[in-house]
Amino acid sequence: MKDSISHFEIHSRFRNGIFLLSIILLISVFGYYFYPKQVQSDQNFVELTNFQNQIDSLKLIASQEKKKYQFRPFNPNFISDHKGYQLGLSPEQLDRLFSYRKQNKWINSVSEFKKVTKVSDSLLSIISPLFKFPDWKKKSAANKHFSHRTYEIKSYAQKDDLNTVTAKQLQEKINVPDFIAERIIKYRNTLGGFASDIQLKDISGLYDNQRKKIVSLFTVKTPKQIKKVNINTASVNELIEVPYFTFETVLEIRDFIKQNGNISSFKELEKIEGFSLEKIDRIALYLTLN
């Protein structure tokens, strides 16, 4: 019995080998759990750093763009509520500006802006360098001293008849473009002859300066004979003969008279929806009130 060998007895060499193997396995386990995490952590740190750098770069660009926007020149006629708040304008000052613009009036200088808004000199000195008015306005102001009349004014007897002038004469004497000269003659023929010089206002593309120059050398000496009609009693067919009325306009006029009674002043036509008094001086050539 003493000589029998236990099945669980391990030789000393095997014990040393098992112990060495256990150490290697233990080191491997620790290496697996700790070393990869450290590498992964370093990688994450690098990625986060790059991401943060990108965010900082975008913030810097946005800040620069915002700064550029704040100092970008603008037309003071189009200040919004938000823009006015950024500039430091009070609600009362903005209301004065908006009320002025609703009258279809324009601010064309720093002094006008101050006069309309009543802004303080200290604030005006800060924001006025940002004002940008249209280039044509600057040129107009720069050349204002050249705006005096440069054409001859003839007496009635010296003027030629506007109803007989040719397109060639208008080009040579007035220096209007050929297509404008042709347009004047064509419109004159459509009317059957001008009844008054003011009908030149109807010519599209004819500038006021050119029109004034034309009437300084020409005038209507043989006006078209117009049989005026009473706007209060005229029929639809009679009113439709007025060059400035459309069929819809005539019906609106007749309905207005039915609802409100006779028209006593041409200015009353302004009460008709869609009717403009812009051409009333020419319309009045064809109408009477009584």
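My criterion for a charge over a ring was NZ of Lys or CZ of Arg within 6 Å of the ring centre and within 35 degrees of the ring normal. K221 does likewise with Y156, its charged end 5.1 Å from the ring centre.

Ground rules next. The model is predicted, so I kept local features to pLDDT of at least 70 and side-chain atom pairs to pLDDT 80 or more, while totals for chains, interfaces and linings use all residues. Residues are numbered from 1 along each chain as its sequence is written, and side-chain values use heavy atoms, with hydrogens and water left out.

**Overview**

I found twelve helices and four strands in the protein chain. These are DSSP runs, numbered from the N terminus: helices are H or I with at least four residues, strands E with at least two. Of the 290 residues, 30% count as buried. Buried means under 20% relative accessible area, exposed over 50%, and partly exposed in between (1.4 Å probe, protein chains only). The chain exposes about 21,100 Å², and carbon and sulfur atoms supply 56% of that. The areas come from the Shrake-Rupley method with a 1.4 Å probe; for residues, only the protein chains shown count as cover.

**Aromatic pairs**

I looked up the ring pairs and got four. Rings of Phe, Tyr and Trp (its six-membered ring) pair if their centres lie within 6.5 Å; planes under 30 degrees apart are stacked, over 60 edge-to-face, the rest tilted. F78 and W106 have ring centres 5.7 Å apart and planes at 70°, so this pair is edge-to-face. F78 is in the loop between α1 (12-70) and α2 (81-87), W106 in the loop between α3 (91-102) and α4 (110-117), so the pair ties together parts 28 residues apart in sequence. F78 is exposed at 53% relative accessible area. W106 is partly exposed at 40%. I then took Y187 and F194: centres 6.4 Å apart, planes at 45°, so tilted. Both Y187 and F194 are buried.

**Cores**

Which residues have the most contacts inside the largest nonpolar core? They are L170, I184, L200, I214, F245, L269 and L287, in a core of 43 residues. A nonpolar core here is a set of buried Ala, Val, Leu, Ile, Met, Phe, Trp, Tyr and Cys residues joined through side-chain atoms within 4.5 Å. Helix α8 gives the largest share of this core, six residues. I listed the contacts of L269, leaving out residues up to four places away in sequence: I231, I253, I263, F275, L277 and I280. Contact means heavy atoms within 4.5 Å. A second, separate core has 16 residues, including I79, L94, V119 and L123.

**L89**

I found L89 in the loop between α2 and α3. It is buried, at 8% relative accessible area. Beyond four places in sequence, L89 touches I79, G84, L94, F113, V119, L123 and I127. From L89 to I127 I noted 38 residues in sequence and 9.9 Å in space, C-alpha to C-alpha.

**N232**

Last, I checked N232, in the loop between β3 (229-230) and α10 (236-239). Is N232 buried or exposed? It is buried, with a relative accessible area of 7%. Its side chain reaches the backbone oxygen of L289 at 2.9 Å. Neighbours within four places aside, N232 contacts R254, I257, N262, I263 and L289.

Notes:
Polar contact = N/O pair within 3.5 Å; in protein donor to acceptor, adjacent residues only side chain to side chain.
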